[in-house]
Structures are given as structure tokens and as C-alpha cells.
Amino acid sequence: MFSTLQNLETIFLSYNNLSLRMNVNANLTLPKLTDVSLSSCNLSEFPNFIRHSNGLQSLMLCKNSIHGNIPEWICEKDDLEILDFSHNNLSRKIPNCLPKSLLVLNLQANYFDGNVPFAFPKGCGLRNLNLHGNQIDGLLPRSLVNCRMLEVLDVGNNNMEDTFPHWLESLPDLQVLVLRSNKFHGFVQSTKESPSFPKLRVLDLSSNDFLGPLPLRYMENFKSMMDPHGEDGSPEYMNVWTGANSYQYSLVVTWKGFDYELQGLLTIFSSIHLSNNMFEGEIPNVIGKLSSLKGLNLSHNNLTGQIPPSLGNLTNLEWSDLSSNELAGKIPDELVSLTQLFVLNLSNNHLVGHIPQGSQFNTFGNGSYEGNLGLCGIPLSKSCDGIGTPPSSFQEKDELWRFGWRVVVLGYECGVVFGLLMGYLVFRTGKPKWFGSLFDGRPSQSGRKMRQARRLVQRRS
């Protein structure tokens with residue numbers, strides 16, 4: 001197919017529903033190749049023709065059926081900057097000789113086991129390390145602190161066992177930290193007085209064994225979460241450029257037990273997920289200052305006290321889950337001002353009193369409040385001594401038409417695109433459609449849900 005194209009520099013055949021037979025001619029070489037994208041091409045092995053392409057800068061083979069281990073000749077690609085082998089059937093150990101020139105290493109959704117074998121040298125230029133959804137164990141390498149340009153670190157859904165990596169707090173550009181569904185344990189607290197995680201916008205520590213109070217000092221320093229408009233005032237996609245090509249970052253989030261991979265991560269997206277741990281104490285008022293938050297999940301912990309009225313300041317909040325804690329007192333009336341909130345779960349606490357009415361609260365069903373025997377008013381059948389009559393149909397219809405929804409134009413699924421098309425269009429009609437309206441998220445196809453569920457049950461039992 002390519003044997004006569006000895007000057008070929010770029011191959012981009014991803015997502016064309018092809019079934020390529022790449023190794024028919026084992027002696028084929030394309031010495032001038034710099035960029036290869038063969039994602040979702042039904043490959044079952046690594047193409048031989050890239051073996052001798054020593055000037056290779058980006059190699060995209062995600063969403064295929066490649067099995068076995070990563071070949072050693074990958075380590076010889078001294079100019080390689082983007083390596084994405086995500087969503088394959090690769091297994092065994094991760095090689096300890098990967099190119100030091102890498103900016104992006106994405107091995108998400110494979111079957112790698114053992115620990116992370118390589119040390120990150122001083123001057124490491126890595127910006128995105130994604131090992132999500134494997135079987136990696138051991139400790140998080142302390143040498144990651146040498147990667148001063150690191151923006152995304154995702155080791156979620158593995159078997160890693162460690163304490164919270166407070167030593168990462170000095171990384172000046174870290175924006176996404178995902179440790180979910182591992183065996184991390186202990187307290188989450190800062191060890192120094194200077195600002196920590198100044199650019200962090202996504203923090204996911206869910207489904208671990210963390211304990212103690214919520215990380216107040218960290219929350220006080222989440223400066224990027226306090227700016228709803230981003231540093232430059234307009235939303236952009238998180239990406240990294242190599243030559244004329246752009247690699248877009250992605251993120252796996254959990255919604256009602258399902259994994260969704262957000263293809264294209266906007267710089268205005270902020271969320272905190274601390275669910276399924278053993279955090280205790282009160283929800284700190286400082287959370288109300290994190291005005292860019294889109295999602296807040298503190299469910300399934302041992303939190304006590306009242307819901308702070310300061311949460312009413314989170315005017316960009318779209319989903320919040322405080323369920324299965326020990327929260328008491330009334331639901332603050334200030335939450336009615338959250339006009340973008342379309343999912344709220346306060347179930348299984350000890351809340352009492354009248355459920356606030358108006359705005360988005362007119363759309364929440366019984367499930368948002370079940371397990372709180374002291375609550376009354378709409379939508380529950382328990383009345384508050386005649387207080388709280390249902391809104392008229394006109395009011396309900398008016399509120400529905402007040403909802404806004406937004407569409408974000410996303411990039412290709414595995415990262416490399418040849419030009420970014422970005423938009424953030426706001427239409428003032430129709431009811432919002434939770435995640436889909438922001439990210440076009442779709443269920444992750446990693447095929448590991450049963451394994452992860454079994455592992456989580458075993459750890460909790």
C-alpha cells in the first residue's frame with residue numbers, strides 16, 4: 001500500500017472503518033515518517049513499517065485490538081513526543097526505556113500490570129500521563145515531581161497502594177489529578193505553607209480509603225477553581241502541539257455507576273470528586289468560593305454538620321451529590337439561586353424542614369431527598385402543615401423555558417486533530433441535557449467495569 005511512497009511523512013487514516021493489513025510486506029520501510037494516526041483501524045499488531053522510522057514524532061494506535069507487550073524498538077524513537085496506545089489489549093509490564101522526549105504518554109484501558117517501572121529524569125517534559133484503567137500496582141513514582149510541565153496525571157482504576165502524593169503540590173502547571181478507584185489511604189493534607197496546586201481544576205480521589213477532614217488548605221489554594229472564565233477569559237481545549245498537529249486531552253468521569261470519557265476537555269471545566277472514602281467533619285465554607293465548579297461529589301463519606309449556605313455562590317454548578325453522609329439541619333434556601341443545577345442528590349442524610357421551592361428545585365424528584373425522614377414539602381408526599389403548595393403549571397412551564405443548554409464542538413476521540421474547531425454556543429431554549437450538553441460524553445468501552453466492580457467490592461468487604 002505504501003511501498004512506493006518513500007517520501008511519505010504523515011499517515012492519518014483513523015476512524016474510517018478500515019481493516020488494515022499492515023505487515024504483509026515485512027521489509028517495508030518509510031524512513032521519513034513523522035506522524036502516524038491509525039486509530040480504530042482494527043489492527044491486531046504493531047505495524048512493521050514504523051519500526052525504522054527514526055524521525056517519528058507522534059504515534060496514534062488507540063482503539064484497536066493490539067495485544068502482547070510494547071515492542072522494545074519504541075524506545076529507540078528519540079524524537080517521539082506523543083504516544084497513544086490507549087484502548088487496546090496490551091499487557092505485561094510497561095517498558096522502562098520509553099523515550100525521554102515524550103510529552104504525552106497515554107496507555108489508558110489496557111491490561112498492564114506491575115508497578116510504574118521508569119524514573120522520570122530532571123528536566124522531564126511530560127505534560128500528560130494517562131495510565132487509567134489498567135492493573136498497575138505499587139507506589140506512585142516520586143520522580144514525577146521532576147516533570148515540572150505536567151498538566152494531567154490520571155492513574156485512576158488501578159491497584160496502586162500509597163498515601164496521598166502531597167509532593168505533587170508544587171507542580172506549577174498541574175490541572176487534572178485523578179487517583180480514583182485505587183488503594184490510596186490516609187489523610188489528604190498539605191505539608192507546606194506556600195500555595196499548593198495553584199492551577200488544579202479537576203480533583204478526583206473517589207473510591208479510595210482516604211480519611212480525616214476534607215482538605216481545607218488545598219481548597220483555599222484552588223485559585224483556578226475560583227475563576228469561572230479561565231485565565232484568558234474564553235474557553236479553550238486542553239491540548240499539546242507537536243509540529244502542525246494538536247493532541248486533545250480526554251478525561252474519564254463516573255456518572256451513576258457508568259464511566260464516561262469526555263472527548264475534549266475545556267479549560268473552564270472544574271470538578272471535585274471525593275466520594276466513597278472515609279472523610280469526616282463538616283463541609284468547609286470555602287467551597288463556596290470555587291465559583292467555576294461544574295460538579296461536586298462528596299457522597300458516601302461520614303460528613304456531619306449542615307450544608308453550608310455558601311454553596312449558593314456556586315452559580316456554575318450543574319450537578320452535586322452530597323448523599324449518604326450524616327448531614328443534618330435544613331436545606332439552605334440559598335441553593336435556589338443555582339439556576340444551572342440540574343442534578344441534585346441529598347438522599348440518605350438527616351436533613352429536616354421544608355424543601356426549598358423555585359427555580360431548579362421545581363424539577364427535582366423524590367430520589368433527591370429520600371432517606372431524610374425530617375424533610376417535607378414538594379415533591380415529597382409529606383406536607384409541612386399546609387406550607388408549600390405546588391407551583392402552577394404556568395410557573396413550571398416558565399421555569400423549564402428558563403433553562404439554558406450549551407453545545408461544545410469536540411475533537412477526534414483519541415487526540416490528534418489537524419485543526420481545532422472550538423465553540424461555546426449558548427441557546428436560551430430547551431431543557432439542559434446533563435453531560436451531553438457540555439461534553440458529548442459517551443460510555444467508556446474499556447471493558448473493565450466488571451473487573452473494577454469486583455475489585456471495589458473485595459476491597460470494601
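1. Arg142 sits in the loop between β10 (135-138) and β11 (152-154), and Asp162 in the loop between β12 (159-160) and β13 (176-178), so the pair ties together parts 20 residues apart in sequence. Strands (E, at least two residues) are DSSP runs, numbered from the N terminus.

2. Before going on, please keep in mind that this is a predicted model: local features need pLDDT of at least 70, side-chain atom pairs count only at pLDDT 80 or more, and totals for chains, interfaces and linings use all residues. Residues are numbered from 1 along each chain as its sequence is written, and side-chain values use heavy atoms, leaving out hydrogens and water.

3. How many salt bridges does a search of the whole structure find? There are 4. One of them pairs Asp113 with Lys93 at 3.5 Å, N to O. Asp113 belongs to strand β8 (residues 111-114), while Lys93 is in the loop between β6 (89-92) and β7 (104-106), so this contact also ties together parts that are 20 residues apart in sequence.

4. Another salt bridge joins the side chains of Asp173 and Lys199, at 3.2 Å from N to O. This pair links distant parts of the chain, 26 residues apart: Asp173 is in the loop between β12 and β13, and Lys199 in the loop between β14 (185-187) and β15 (202-204). Asp173 is partly exposed at 23%, and Lys199 is partly exposed at 27%.

5. Now to the cysteines. The count comes to 3 disulfides (pairs of cysteine sulfur atoms within 2.5 Å). Among them, Cys75 is joined to Cys97, S to S 1.9 Å. The torsion about their S-S bond is about 55 degrees, so the disulfide is right-handed.

6. Cys124 and Cys147 form another disulfide, S to S 2.3 Å, and both residues are buried. Cys376 is bonded to Cys384, S to S 1.8 Å; with 115 degrees about the S-S bond, this link is right-handed.

7. What about Cys41? Its sulfur is 9.6 Å from the closest cysteine sulfur, in Cys62, which is too far for a bond. Cys41 counts as buried, at 0% relative accessibility.

Terms used: Helix = DSSP H or I, 4+ residues; strand = E, 2+ residues; numbered from the N terminus. Buried < 20%, exposed > 50% of the residue type's maximum accessible area, 1.4 Å probe, protein only.
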